[in-house]
Amino acid sequence: MSSQASPVKVFIRIRPTASFAHELIECPPDQSRKDSNKGKRNNQLSSWVFQLNGVLDNVSQEDTYDRVARSVVLGAFAGYNGTIMCFGQTGAGKTYTMTGAAETYKHRGIIPRALQEVFQEVEHRADHTFSVHLSFLEIYNETMVDLLSSIKKGKSSNSGVLTVIEEPGGGVSVKGLSLHLVHNEEEALNLLFEGEMNRIIGQHALNKHSSRSHCIFTIHIESRSRTLSDAKYITSKLNLVDLAGSERLGKTGSEGQVQMEAMYINKSLSFLEQVILALADSRREHVPFRQSKLTHALKDSLGGNCNTVLVANIYGEAAQIEETLSTLRFATRMKCVQTKPSINEHVDPVLQVRRLEKEIQFLKEELSMCNTLTNRVGVSNEILSERQVEEVRSQVQRYLSGLLDEIPIVSITQIQEVFAQFKKVVLYKLMSRASLTVLQVQGSVGAVGEVESCGYGLGLAKSSQKHQRNVSPKPSKTMNINVKLNVFLSSPPPKTEAFEDFKAERGSEINRILKENKAVLSERTTQLRILTDVINTTKRDLDYITYELRQFRERKQGQFVSAEGEPVLEEAELSLVMQLKELKNRYRQAYEDFRSTKTEVSYCQHLVNQCRTRLLTEFERWYNESFLFPGDVLSVLETGPVRPGHIPVDKALTLVSNIQGCQVFTTQPAQLLLTTSPIITASFYNAYNRTLKRVRHLHTPDTSFHYTALK
């Protein structure tokens with residue numbers, strides 16, 4: 001059940017400060033302005049206008065929750081997913097907005113108030129049963145951590161490393177993340193505070209309690225109706241995201257471990273912005289969700305099946321105006337993203353089976369009542385027993401032999417069994433038709449003389465000076481060929497066993513070529529996988545060195561120049577430049593090898609497919625000719641004896657040559673009589689066919705598939 005796309009809602013919350021820059025930041029009440037700038041100075045923008053869904057300036061925590069989160073939380077009870085995330089520079093108030101101050105009840109943030117709202121709705125909606133589960137995920141330095149793993153009563157799909165997996169419906173989930181069932185607000189708050197205690201925080205110049213990781217607190221809600229008996233139920237999840245703040249190392253003065261954490265934070269936020277840019281651009285076909293753990297975990301929250309709200313936290317001080325502008329630009333881009341929220345409705349398979357069983361039982365009772373009203377008492381629609389099946393078989397045999405005029409209709413299952421018995425009789429007749437058939441063929445041939453042997457018990461007549469006195473002088477004469485065919489049909493071997501025999505004998509050459517091509521394909525595929533890993537590793541190293549070089553140049557106060565006025569690089573900067581150059585060369589070489597190997601893999605796969613198709617086609621032909629009758633012989637056998645002259649002699653000879661175990665001897669100069677050999681064996685017939693195919697193979701061009709070495 002889908003709905004129309006809706007844009008992401010974006011709110012700006014300004015951190016209260018005594019030195020608010022009123023001359024730089026204005027919050028006009030008119031929200032309908034569409035100007036992108038007020039004026040220009042030196043061909044540069046001197047003023048920007050950002051049109052958003054609302055500005056939260058000097059607003060309490062309660063008003064913030066009512067304007068930002070209440071509609072999203074209530075939508076979860078209707079089956080819609082929801083996401084609320086806080087974004088901004090470090091120290092701008094993201095964690096305060098999301099979690100609040102635990103010391104004061106009225107200062108609690110969005111997450112505690114959302115938990116309170118959830119359990120209040122559970123109590124008010126008495127016509128439904130609800131189950132609420134919680135999870136708390138932390139992403140620290142691109143490593144996912146379960147903040148509630150210390151609590152043993154939660155259920156988890158995996159005790160190892162946490163990984164983001166794609167779900168069949170298009171969403172994502174974290175494999176291994178524990179889910180904890182909660183029954184009231186107090187239990188939920190205990191889990192929230194437990195996870196907050198496990199979060200990693202740090203200290204720098206702008207914030208004494210800076211979050212050093214991204215955190216996603218998720219509320220899973222499942223709702224089932226108490227009044228309706230259907231098997232449908234709805235699910236939803238609320239993602240409450242507290243993003244780590246972006247940092248300028250020059251302002252925060254971070255060093256050591258805190259500096260490394262800041263680099264990971266800025267990198268993941270940069271990837272988040274790339275995803276937002278791709279989602280906002282309708283011409284983009286690919287969205288790089290997998291670049292970071294954060295964007296992959298929030299895939300369905302960013303442009304997916306979700307009601308998404310962004311709270312952009314900013315400083316109001318003049319010293320932070322550049323970071324404020326960056327945050328507002330991100331918020332404007334986020335507002336261009338479209339989401340497609342839809343109700344998550346499911347069907348319980350257990351309840352569905354129970355409902356269908358009840359429906360079947362009701363239909364049986366209704367059918368039984370119908371039989372009673374039509375004086376068909378005792379009729380059963382259950383599966384027939386062995387005695388009843390035997391009785392139906394007897395009725396069909398008596399009906400076919402003329403002893404029974406009609407078969408009475410009793411029930412649907414009895415009619416199905418009658419047709420099944422008729423099918424068995426028809427198949428038996430078709431198989432036994434070829435037991436003993438006399439095929440008489442008459443045709444015109446030339447002068448008949450000595451019989452020239454063509455091999456395998458079949459002879460053809462030709463003129464001979466030696467026997468001309470025993471031959472009638474007429475230019476042409478009629479030849480009668482009487483063929484007595486006695487074929488004892490036996491079931492052919494299973495195709496799996498026959499296929500193994502075929503690969504060892506008749507198809508050994510094609511099978512050998514197929515194995516060789518498979519080996520080459522496996523080798524090239526392994527090489528391609530290795531090159532892929534090399535390219536990915538080199539790309540990550542390139543990104544890291546580029547980032548390090550950019551950070552180094554931003555920290556430099558000036559630049560040294562030589563006597564000629566050319567810039568001189570420092571030793572550390574020169575080392576980074578050389579590493580970057582070497583990595584670029586390595587990346588180009590690996591990419592060229594990757595393209596070449598990928599072409600080889602495609603060609604090898606094409607050869608393997610050709611060989612496999614050729615092998616299966618040859619096997620089917622060999623199997624039909626070895627264990628089944630040729631189509632021409634079956635058509636003749638099914639029509640019975642034919643009139644003289646109905647089939648030409650050359651056609652008759654072709655048919656006769658394919659009959660197993662036939663021998664030729666002459667009783668009269670102008671008449672050939674073919675009879676079956678005393679013992680007809682499958683071995684003789686198989687050997688005959690193999691030899692015949694080998695002769696044909698010698699007279700046909702070789703079309704085997706051979707692998708050509710790729711350079």
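Student: Which residue does glutamate 121 form a salt bridge with, and how far apart are the closest N and O atoms?

Tutor: Glutamate 121 pairs with arginine 125, and the closest N and O atoms are 3.0 Å apart. A salt bridge here is a side-chain nitrogen of Lys or Arg within 4 Å of a carboxyl oxygen of Asp or Glu. This is a predicted model, where local features need pLDDT of at least 70 and side-chain atom pairs count only at pLDDT 80 or more, while totals for chains, interfaces and linings use all residues. Residues are numbered from 1 along each chain as its sequence is written, and side-chain values use heavy atoms, with hydrogens and water left out.

Student: Is glutamate 121 buried or exposed?

Tutor: Glutamate 121 is buried, at a relative accessible area of 16%. Arginine 125 is partly exposed, at 31%. Buried means under 20% relative accessible area, exposed means over 50%, and partly exposed is in between, using a 1.4 Å probe and protein chains only.

Student: How many salt bridges does a search of the whole structure find?

Tutor: The search finds 24 salt bridges. Among them, arginine 283 pairs with aspartate 281, with the closest N and O atoms 3.3 Å apart. Arginine 283 is exposed at 72% relative accessibility, and aspartate 281 is partly exposed at 26%.

Student: What about arginine 524, which residue is on the other end of its salt bridge?

Tutor: Glutamate 523, with the closest N and O atoms 3.7 Å apart. Arginine 524 is buried, with a relative accessible area of 13%, whereas glutamate 523 is partly exposed at 48%.

Student: Which residues are linked in a network of salt bridges?

Tutor: Arg506, Arg614, Glu618 and Arg621 are linked that way.

Student: Which strand do 6 bridges join to E2?

Tutor: Strand E16 (residues 307-314), and the two run parallel. Valine 10 has leucine 310 as its bridge partner in E16. E2 also pairs in the parallel sense with strand E5 (residues 54-57), over 4 bridges. There, the partner of arginine 13 is leucine 56. Two strands count as paired if DSSP finds at least two bridges between them.

Student: And which residues of E5 are on its covered face?

Tutor: Gly54 and Leu56 are on the covered face, and Val55 and Asp57 are on the uncovered one.

Student: Now helices. Which residues of H11 are buried?

Tutor: Val389, Val392, Gln395 and Val396. Seen down the helix axis, the buried residues of H11 fall within an arc of 120°, so they line one face. The arc is that of the directions from the helix axis to the C-beta atoms. Glu386 and Arg387, on the other side of H11, are exposed.

Student: Why would residues three or four places apart point the same way?

Tutor: Because an α-helix has 3.6 residues a turn.

Student: What span does H11 reach from its first C-alpha to its last?

Tutor: H11 (residues 386-400) has 15 residues and reaches 21 Å, close to the 21 Å expected at 1.5 Å a residue. The expected span is 1.5 Å times one less than the number of residues. Glycine 402, with a positive phi near 90°, follows H11.

Student: How far apart are the end C-alpha atoms of H5?

Tutor: They are 18 Å apart, which agrees with the 18 Å that the 13 residues of H5 (residues 185-197) should span. The buried residues of H5 are Ala188, Leu189, Leu191, Leu192 and Gly195. These buried residues fall within an arc of 160° seen down the axis of H5, so they line one face of the helix. Glu186 and Met197 are exposed on the other side of H5.

Student: Back to phi. Where is asparagine 141 found?

Tutor: Asparagine 141 is in the loop between strand E7 (128-140) and strand E8 (143-146). Its phi is near 50°, a positive value in a residue other than glycine. Asparagine 141 counts as buried at 18% relative accessibility.

Student: And what is the phi of glutamate 142?

Tutor: About 60°, which is positive although glutamate 142 is not a glycine. Glutamate 142 counts as partly exposed at 26% relative accessibility.
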